[in-house]
Amino acid sequence: MLQFQNLVKALLIFDSFTTPSAGYELRRQAEDITGKKVKYLINSHYHGDHVFGNQAFFDSTIISTPLTKQWIKEKNKIGDLEKEKVEMEEYLMSLKKQIEANQDKIVRASLENQFNEMTKVLNDLPIMKIVLPKVLFEEKLIIEGTKRKVELYCLGGGHTPSDTFMYLPFEKIGFMGDLLTENLHLPIYNPEEFRFILEKVKKMDIKTFIPGHGNVGSEEMLLKFADYLSFLIDKSQEALKNKIPLEIFVSNIETPTKYIEWKGVKGIKGNLSTVYTFYAK
């Protein structure tokens with residue numbers, strides 16, 4: 001376990017947003033509001049919508065797990081700029097066609113969100129640089145400031161191979177990254193580790209949850225998502241036990257009413273396919 005102590009008054013930022021422009025604006029507002037400088041930036045996981053703003057914090061200490069750093073470097077590598085632009089423009093055109101053809105309002109809204117997000121990435125692509133974390137930790141890192149303490153935890157990988165969340169013990173606040181989202185079918189990497197992580201978080205004294213996507217919530221948000229994960233796991237394991245093929249299982253599944261309004265490009269069926277395949281190995 002790493003521990004930093006006796007820090008001067010400074011700012012810590014959790015995740016850097018989708019683009020350099022958004023990262024610079026986040027930093028500007030944080031420093032203008034507080035009158036302090038950003039000293040630390042935490043990368044919860046490797047996905048671009050959480051790390052593409054890293055370059056705005058190039059002179060800060062960027063922190064992640066070793067695996068998250070590795071995946072940022074490998075998965076977010078920018079090759080030939082012109083080729084990247086062409087491929088992204090093609091992807092956006094594909095999204096636009098899907099939006100025009102889809103009549104489902106939830107799926108359509110999800111596709112529109114994706115289109116808007118990726119358009120911002122395309123606009124910033126010419127100035128984008130992948131800036132990697134400098135300080136690495138494995139399971140737990142404590143940072144103590146003059147007024148508060150933060151604890152970083154990585155208990156495995158649920159949404160990605162390595163997911164970090166941040167706990168403020170005095171304030172009883174949890175910054176969850178994409179280990180928790182509001183009414184969103186976020187992609188799942190490992191359902192078993194995901195469930196293990198959520199069970200551990202349930203036992204922590206957290207009253208306020210900051211999700212990776214969505215509004216600030218209470219423990220109810222955590223319990224709701226844990227219930228969603230259990231639904232995916234239970235239904236997938238039941239289908240495998242009954243030797244139901246993946247295609248038939250996914251096509252015949254009936255989405256519970258409480259999840260019908262949830263957004264996500266691949267929806268609940270995408271996660272059911274992932275979880276089923278995980279346990280079929």
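Predicted model: local features only at pLDDT ≥ 70, side-chain atom pairs only at ≥ 80, totals over all residues.

Here is how that chat went, from the overall fold down to single residues.

Colleague: What radius of gyration does the protein have, and why does it agree with a compact globule?
Modeller: The chain has 281 residues, and a compact globule of that length would come out near 19 Å. The protein's own value agrees with this, because its radius of gyration is 20 Å.

Colleague: And what box do the C-alpha atoms fill?
Modeller: Take the box along the principal axes. The C-alpha atoms then fill roughly 60 × 50 × 30 Å.

Colleague: What share of the residues is buried?
Modeller: A residue counts as buried when its relative accessible area is under 20%. Of the 281 residues, the buried share is 45%.

Colleague: What share of the contacts links residues 24 or more positions apart?
Modeller: Look at contacts with a separation of 6 or more. Among those, residues 24 or more positions apart account for 70%.

Colleague: How far apart are the centres of the positive and negative side chains?
Modeller: There are 38 positive side chains and 38 negative ones. The centres of the two sets lie apart by 3 Å.

Colleague: On to the strands: which ones stand at the edges of the four-strand open sheet?
Modeller: The sheet runs in the order E2-E3-E4-E5, with parallel pairing. Two of its strands each have a single partner strand, so one side of each is left without a neighbour in the sheet. Those edge strands are E2 (11-14) and E5 (135-136).

Colleague: Which residue in E5 is the bridge partner of Ile63?
Modeller: Strand E4 covers residues 61-64 and pairs with E5 in the parallel sense over two bridges. The partner of Ile63 in E5 is Val135.

Colleague: Do E6 and E7 pair in the parallel or antiparallel sense?
Modeller: A hairpin of four residues joins E6 to E7. Across five bridges, E6 (residues 140-144) and E7 (residues 149-154) pair in a sense that is antiparallel.

How values were computed
Residues numbered from 1 in each chain as written. Heavy atoms only, no water. Rg over C-alpha atoms; globule rule 2.2 N^0.38 Å. Buried < 20%, exposed > 50% of the residue type's maximum accessible area, 1.4 Å probe, protein only. Contact = heavy atoms within 4.5 Å. Lys, Arg positive; Asp, Glu negative; His and termini not counted. Charge placed at Lys NZ, Arg CZ, Asp CG, Glu CD. Pairing = 2+ DSSP bridges.
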